Amino acid sequence: MFDPAAGFPVQRPRRLRAHPRIRDLVRENRLTVDDLIYPLFIYHGTNLRREIGSMPGQYQLSLDRLGEIIDEVADLKIPGVLLFGIPEHKDALGSAASRDDGVVQQAVRLIKNRAPELLVVTDLCFCEYTDHGHCGPVVEVAGRYDVDNDATLPMLAEQAVSHARAGADLIAPSGMMDGMVKAIRQGLDASGFTQTPIMSYSSKFASGYYGPFREAAESAPGMGDRRGYQMDPANGDEAIREAAIDLAEGADIIMVKPALAYLDVARRLKDAFRVPLAAYNVSGEYAMVKAAAERGWIDERRIVLETLTGFKRAGIDIIMTYHALDVARWLKEG
C-alpha cells in the first residue's frame with residue numbers, strides 16, 4: 001500500500017521511469033487504432049477530391065472518389081468512418097437529407113459493398129442540407145430566428161430510418177434538439193431497426209472551434225447563430241443533465257463535442273454514467289495543430305499522440321478525429 005509518509009529517499013517515483021520497458025509496463029492509458037473514427041465529407045458531383053483550405057490533408061469527396069479513401073481506412077485497420085453529406089440542392093427543410101438516393105445514403109451503400117467490415121456512422125442533422133444552414137426548419141420568434149424543435153423531431157426520425165435502411169451501423173444525431181433521441185429511437189424501432197444503436201451528441205457546445213467545419217460542410221448559418229440550441233461553453237452541470245436525458249430516451253453512447261477544451265466535462269460524464277463515451281476532436285483543434293506544425297513550431301506527431309492519449313485519460317472511449325489516418329500509421333510504426 002502506498003504510504004506517502006515514507007517520503008524520500010524511500011519513495012523514488014523516477015525508478016519506474018528510467019527504463020523504457022518499465023514505462024510501458026506501468027502505463028495507465030493506451031491509445032490504439034481501435035479507438036478511432038475518421039470523419040469524411042461526401043460531396044455531390046463526380047471526380048471530386050477537393051482539399052479543404054482550413055483543414056490541410058482533409059477533402060470533400062465525390063462518391064466516385066470515395067473508394068480510394070475507404071481502401072486506405074480499411075488497410076490501416078481504422079474501425080469506422082463518420083459521414084457528412086453536402087447535397088447538390090438545398091431547401092428550407094433540408095429535404096435531401098432523408099432521400100434514399102441522398103449523398104450519404106449512397107455513400108453508406110458504397111462503403112458496405114467495398115468494405116463490409118468497416119463501421120459506418122452517420123451524422124444525423126440538417127445544417128448541411130438547409131439553405132439557411134440551421135439544424136431544422138427555422139421560425140421567427142420575437143424578432144429572432146430559431147429552429148422549430150418539435151417540427152424537427154419527426155424529420156430526424158425519417159432521416160435516421162433512411163440511413164439505417166441504407167446500411168448504417170450507428171446513428172449519431174448532432175442537432176441538440178430536445179427529445180431527439182426518443183423520436184429517433186421510436187422511428188428506428190417502428191421500422192424494424194431495433195438493433196441499430198444511437199450515439200448522441202449529448203453535450204455539444206456552441207463553440208468557436210467549429211470554424212473550419214463550416215467550410216468543409218458548407219453549413220454556416222445564414223442568419224443568427226446556434227446558441228439557442230447548442231450549449232453554453234461555461235456550463236458543466238448542464239452537460240450532465242443533457243446526457244442523463246439522452247440515456248433515458250435510449251442513447252447507447254454519449255458524446256462531448258468539442259473535445260480539447262471540455263475534457264473536464266468528459267471526465268464528469270464518465271464518472272457519472274459509466275457508459276461508452278465518445279468525443280469529437282473537431283476541425284478547429286485539428287487546424288491549430290496543422291498550422292503550428294507547418295510553421296515548425298511543434299512536433300505534430302508528438303502533440304497529436306499526447307492530445308489523444310489525454311482524451312483516453314479523461315475517460316473517452318471513442319475518438320472521432322481528422323488525425324485518424326496519421327495516428328494509425330504512427331501507431332503501426334511504434
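**View 1. The largest pocket of a predicted model.** On a 1 Å grid over the protein atoms alone, a pocket is an open set of points where a 1.4 Å probe fits, with protein on both sides within 12 Å along at least five of seven lines. Its volume is the space filled by probe spheres set on the points, which are joined across faces, edges and corners. The largest pocket here has a volume of about 420 Å³. This is a predicted model, in which local features need pLDDT of at least 70 and side-chain atom pairs count only at pLDDT 80 or more, while totals for chains, interfaces and linings use all residues. Residues are numbered from 1 along each chain as its sequence is written, and side-chain values use heavy atoms, with hydrogens and water left out. Look for Leu 16, Arg 23, Thr 309 and Arg 313, which are among the lining residues (those with an atom within 4 Å of a point). Helices H1 (20–26) and H10 (300–313) each give at least two residues to this lining; helices are DSSP runs of H or I with at least four residues, numbered from the N terminus.

**View 2. The second largest pocket.** This pocket holds about 320 Å³ of space. Of its 15 lining residues, Pro 87, Glu 88, Asp 101, Gly 102 and Val 103 lie nearest the centre.

**View 3. Asp 246 in helix H7.** Helix H7 spans residues 237–249 and includes Asp 246. Is Asp 246 buried or exposed? Asp 246 is buried (under 20% relative accessible area with a 1.4 Å probe, protein chains only; exposed is over 50%, and partly exposed is in between). Asp 246 has no salt bridge (a side-chain nitrogen of Lys or Arg within 4 Å of a carboxyl oxygen of Asp or Glu). The nearest side chain of opposite charge, Lys 204, is 12 Å away. Instead, look to Ser 200, whose side chain makes a polar contact with that of Asp 246 at 2.6 Å (a pair of N or O atoms within 3.5 Å; within protein, one must be able to donate a hydrogen and the other to accept it, and residues adjacent in sequence count only if both atoms are side-chain atoms).

View 4. Arg 65 and Glu 68 meet in a salt bridge, 2.5 Å from N to O. Both lie in helix H2 (residues 63–75), 3 residues apart, about one turn of the helix.

**View 5. A salt bridge between distant parts of the chain.** Arg 185 forms a salt bridge with Asp 252, with the closest N and O atoms 4.0 Å apart. Arg 185 sits in helix H5 and Asp 252 in a loop, 67 residues apart.

Notes: Lys and Arg count as positive and Asp and Glu as negative; His and the chain ends are not counted.
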